[in-house]
Amino acid sequence: LPGVAHAECGKVSLAEMNWASASFITKVTEFLMTQGYGCDVTLVPSATTTAITSLAENNEPDVVPELWINSAPLYTKLEAEGKVRKATNVISDGGIENWWVPDYLVEEHPELATIDGVLANPALVGGKFHNCPDGWGCRIVNDNLIRAFHLEDRGFKVFNHGSGETLATSMAAAYQSKEPWFGYYWGPTTPLGMFDMTSIDLGEYDEEAFLASQNADAPNPKPSAFAAAPVLTIVTKDFKESHPDIATLMSHVTFKTDTMSQLLAWKEENNASNEEAAVYFLKNNPDEWSGWINDSAKQKLSALLK
């Protein structure tokens with residue numbers, strides 16, 4: 001039948017992770033699904049572990065954008081069992097994790113671009129390492145790398161932040177006063193979109209050492225650079241088969257790390273909601289997303305986004 005390919009989309013459950021970039025991606029996706037494809041979308045508040053557990057136990061939600069699979073080992077098992085499918089690398093160049101110092105410090109002291117230069121000059125970076133909050137995956141890795149690089153033996157104090165907010169605020173406050181700052185951060189995020197930070201060269205990536213550093217009880221941690229983190233949108237196998245149009249749409253929705261950080265910075269500077277940021281992106285970047293959607297969705301959306 002000629003109408004079959006354009007059948008109504010029906011119900012879709014879409015995960016909304018509890019951090020800024022993921023929520024933004026979910027709002028963009030929800031808009032395209034509802035306005036372009038006529039879907040009835042239910043947003044499911046979620047986080048990495050809850051999303052992957054729900055997929056394992058309930059085969060829901062149908063679509064999970066921005067899954068950091070480094071923090072979700074169960075994903076590999078579900079994919080091997082055929083229950084879920086990778087739609088795309090939603091952050092096309094991978095998420096980034098690293099230790100950072102502000103550009104203005106490196107302009108004055110180029111040696112601070114490498115970990116050896118930082119270790120040799122604690123005073124130049126403020127003598128303090130800004131660490132992740134307890135309970136975050138990065139805290140375990142950082143605690144091991146702190147030991148591997150002997151930070152405390154070199155005279156650094158390790159400051160364990162109580163929340164992601166205070167970690168971000170410490171960077172912002174230092175940057176605005178042009179003071180030293182040295183610590184962990186990840187992207188895409190608002191601070192990395194707002195502030196020019198140098199990603200410190202931690203040396204070679206050593207896969208064995210890095211994997212060992214993810215264990216809280218690593219007996220003798222070794223130095224390693226951070227791995228680039230694959231960040232995926234995944235769909236259930238059943239959803240991919242029942243909603244091929246939407247699965248194809250999800251395979252196209254991708255952002256570069258820098259683009260996402262800049263969008264998050266715009267959102268912060270304009271005190272905008274995730275919905276407002278999504279509309280801002282869609283109105284101002286038609287060249288980026290018009291290739292994501294099919295012709296009938298293009299017609300519906302072009303009228304809306306003039």
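**Close-up 1. The disulfide of Cys132 and Cys138 is left-handed, with -125° about the S-S bond.** The sulfur atoms of Cys132 and Cys138 lie 2.2 Å apart, where a disulfide is defined as a pair of cysteine sulfur atoms within 2.5 Å. Both Cys132 and Cys138 are buried, a term that stands for under 20% relative accessible area, with exposed meaning over 50% and partly exposed what falls in between (1.4 Å probe, protein chains only). This is a predicted model, in which local features need pLDDT of at least 70 and side-chain atom pairs count only at pLDDT 80 or more, while totals for chains, interfaces and linings use all residues. Residues are numbered from 1 along each chain as its sequence is written, and side-chain values use heavy atoms, with hydrogens and water left out.

**Close-up 2. Cys9 and Cys39 form a disulfide whose sulfur atoms are 2.1 Å apart.** The torsion about the S-S bond of Cys9 and Cys39 is about 100°, and this disulfide is therefore right-handed. Because Cys9 lies in the segment before β1 and Cys39 in strand β2 (residues 39-46), the pair ties together parts that are 30 residues apart in sequence; helices (H or I, at least four residues) and strands (E, at least two) are DSSP runs, numbered from the N terminus. Cys9 is buried at a relative accessible area of 10%, and Cys39 is likewise buried, at 7%. A search of the whole structure finds two disulfides, and when the bonded cysteines of the protein are numbered in sequence order, the pairing reads 1-2, 3-4.

**Close-up 3. Ser13 is found in strand β1 (residues 10-17).** With 13% relative accessibility, Ser13 counts as buried. When residues up to four places away in sequence are not counted, Ser13 touches Thr42, Val44, Pro61, Asp62 and Val63, a contact being heavy atoms within 4.5 Å.

**Close-up 4. Tyr104, in helix α4 (residues 103-108), is buried, with a relative accessible area of 10%.** Apart from its neighbours within four places in sequence, Tyr104 is in contact with Ala174, Tyr175, Lys178 and Glu179. The side chain of Tyr104 reaches the backbone oxygen of Ala174 at 3.0 Å. Pro180 is 76 residues from Tyr104 along the chain, and the C-alpha atoms of these two residues are separated by 9.0 Å.

**Close-up 5. Helix α6 (residues 137-148) has twelve residues and reaches 17 Å from its first C-alpha to its last.** This span is close to the 16 Å expected at 1.5 Å a residue, the expected value being 1.5 Å times one less than the number of residues in the helix. Cys138, Arg139, Val141, Asn142, Asn144, Leu145, Ile146 and Ala148 are buried in α6, and what covers these buried residues includes the strands β5 (96-102), β6 (128-131), β7 (157-160) and β8 (183-187), together with helix α9 (207-212). His150, which follows α6, has a positive phi, near 55°.

**Close-up 6. In helix α13 (residues 274-284), the residues Asn274, Ala277, Ala278, Phe281 and Leu282 are buried.** They lie on the same side of α13 because they cover an arc of only 130° around the axis, the arc being that of the directions from the helix axis to the C-beta atoms. Among the elements that cover the buried residues of α13 are α1 (20-37), α12 (257-269) and α14 (286-289).

Terms used: A polar contact is a pair of N or O atoms within 3.5 Å; within protein, one must be able to donate a hydrogen and the other to accept it, and residues adjacent in sequence count only if both atoms are side-chain atoms.
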